[in-house]
Amino acid sequence: MKRMLINATQPEELRVAIADGQNLVDLDIEVPAQEQKKSNIYKGRITRVEPSLEACFVEFGSERHGFLPLKEIAREYFSESAAKALDAGERVDIKDAVESGQEVIIQVEKEERGTKGAALTTFISLAGRYLVLMPNNPRAGGVSRQVTGEDRKTILDALRDLDAPKDMGLIVRTAGVGREVEDLQWDLNYLLQLWEAIQAAAGSRKAPFLIYQESNVIIRALRDHMREDIGEILIDSEQVFEDARDFLQQVMPHNLRKLKRYDDPTPLFSRFQIESKIESAFAREVRLPSGGAVVIDHTEALLSIDINSSRATKGADIEETALQTNLEAAEEIARQLRLRDLGGLVVIDFIDMSSREAQRDVENKLREAMRADKARVQIGRISRFGLLELSRQRLRPSLGESSHITCPRCDGYGSIRSIESLALAIIRLAEEEAMKDNTGRVIVQAPLAVANFLLNEKREVVNNIERRTGTPITIVANHLMETPRYQIQRLRTSEEIEEPSYAMAKSEEVEPIVSEQEIQAGVTTREEPAVSTMRPSQPAPVHAEKSGWTRFKEWLSSLFGSDEKKEDRGKPRNAAGRGKPKPAGGGGKKRTRKSGSARSGTKHAAQRPHKPRDSGKPGEQNDDDQDGRKKGGDDRKQDNKDGGKPNAPGGSKKKRRRRGGKKRRNKYSTGDQRDANDNSEQSGGGKPEQSGDGKPERSGSKSEKAEKPADKPQGEKPDSSGAKSGKQKDNNGGDSASARPVGQQAGLFKIEDKPGGNEKRQKPSSPGDGEKSGENS
């Protein structure tokens, strides 16, 4: 059972974890001191327009101005000339569309990262419980990418029944799967109410100011992660418990029974043994069950992940060991990317595998593990160098950005210079300063270890520099410095320092330390949004809870119903519609010819589903029949012109193979038998039967032909198979369809025509086929 665990005992961090048993599925940590701006709505003012970037910079209340590209500017903010040019299909320049000082309503798409400002958009999106409303983007809309199959069709049908404004777009979230139309309509009404409040607040004040703020982590977690598979919600803080209960009471009253207060003295995360798994999300190296390791490194351009076999020796050989380690690493990488919320370009260096099949298994394992991720992920293939590239969407600042700081000693580089290398660099730089004209003195401040190395191991080198340049060099051991920090100061001849060397040791300028009281004061003085959390105008619709027996029956119907649907899809059209005659002229599917056809003898003709060739109205053909059987139609027309004589023996043989014996029997059988065959054909395909000349019979003439005797004068009408019509016998002496052997009915015998007689010679294709086909038929 999945649980949502909310830990709010410490005011500095609020943690939300989703655990499946003792496995950590998702993690979200919010620091109150770090205000999150993503999805917030501001009223901003354009400060600068940059035609070279096709973008403008917007002041919206942050220290850095936001970046607003032209493609993210709604048409309502364009000038009249730019709007007319856009309607005419012309290219619009941003300097003609907007101007400095113009006020716009914007939403933050991406947070500020490093020296980059926030990415902004004027296409607002308001996220609800089941829907996402885009009030000024009518072209957008649809269903979440994670919803597929029959659920997608059902949601699209429900989306059409909603009473939504025509100039707004709607997206159905995954939580909307299986919801009634009234639930979706209730969520839509709340979002429309919220948009009206945002518009009213935007017109009340001048920019820049905060209009609407995205909910805190508790509300976001309940709104985004609350699904039917979560069994309970445990909260260890009374205040957070009350806030969550109020939200569930307004939005999801049916989930109130899952909300529980955790009062046990054992810490909440330790109770479910996920505290150690959370700490692994902060580590650079993650151990695998087989003994391997995954090493995650951040760079400026991309995120590199390396897989090491380490102590993995469970495989029988090196290939099997590499495959098993890579499969474990693929699953763990997908989980770590989700827990740490790492985005951007990711390059994974798997252990080399020579087998292409093994590489495909690793790729499929990674794709399968990534399906549970809510972010958009694009996965490539393993290259010939053993590298796999993927791209992941950034949903929020990563765990490292919100919880880590840059190392003050190495400045985030990850390594520092050794003492010997740093001492030699200081000697060279001091010599360069001493060689300059008008230099009276050189003062070197270095850490204790470096200063000891210079004064002892390199004392002779320093003395040689002093004698050669005539400039004294003073080395100060500064206990306030750490490698690789140092300082070299050059004094002119006119400058003098009276203080002794031990008093010269000074620390570097450091940033002032912000106290906890100042942090709390900054949190309390945070800007308040003009539109606070709104309550829906009407309570959420409550549905009667289904009993266990009803759920069991629905589960059985969905289980067996899906199998029946699959079987129906695999069946031919005539088998599915047997016993239900359709009106003549109904459309039908193209007759597909399988590899095991009657030509090769690998598939019995009695086992092949028969479908008429005509579709639609009599005399018409669909595109597939026109393309696939155009040659056969021409042959039939030529036979009619020649009086039924085939052009060549080979042509008649091909036509006999192309045209099944079932149609000939249907034409030359008795009236009762032909009526029965016609009825079976209509029930199977719902299409009119073809006559021997290749033209479809009309429905009105079918009854007239059924009353005529089956015997016809020889040579009056040719048989479409190339055989003479005199071979067909009448009813009295009849070789009718029912009187023929089963093997001949099934098309297993090869019928050869003699030039001078009406005799037929039957040759079974193989011994025992006639009996076997009779059993099958």
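Trainee: Is strand 5 (residues 55–59) largely enclosed by the rest of the structure or exposed, and how many of its five residues are buried?

Mentor: This is a predicted model, in which local features need pLDDT of at least 70, side-chain atom pairs count only at pLDDT 80 or more, and totals for chains, interfaces and linings use all residues. Residues are numbered from 1 along each chain as its sequence is written, and side-chain values use heavy atoms, with hydrogens and water left out. Buried means under 20% relative accessible area, with a 1.4 Å probe and protein chains only. Strand 5 is largely enclosed because the buried residues number four of the five.

Trainee: Which residue in the hairpin of strand 4 and strand 5 takes a positive phi?

Mentor: Strand 4 (residues 41–50) runs antiparallel to strand 5, joined by five bridges; strands pair if DSSP finds at least two bridges between them. Four residues lie between these strands, and the positive phi, near 50°, belongs to Glu54.

Trainee: Which residue of strand 6 stands opposite Val58?

Mentor: Strand 5 and strand 6 (residues 66–69) run antiparallel, with four bridges. Their hairpin has six residues between the strands, including Gly61 with a positive phi of about 115°. The residue opposite Val58 is Gly66.

Trainee: Which element of the protein chain has the highest mean pLDDT?

Mentor: pLDDT is the predictor's confidence in each residue, from 0 to 100. The chain has a mean of 74, and 66% of its residues reach 70 or more. Helix 18 (residues 623–628) has the lowest mean among the elements, 40, while the highest, 96, belongs to strand 21 (residues 387–392).

Note on methods:
Helices (H or I, at least four residues) and strands (E, at least two) are DSSP runs, numbered from the N terminus. Buried means under 20% relative accessible area, exposed over 50%, partly exposed in between (1.4 Å probe, protein chains only).
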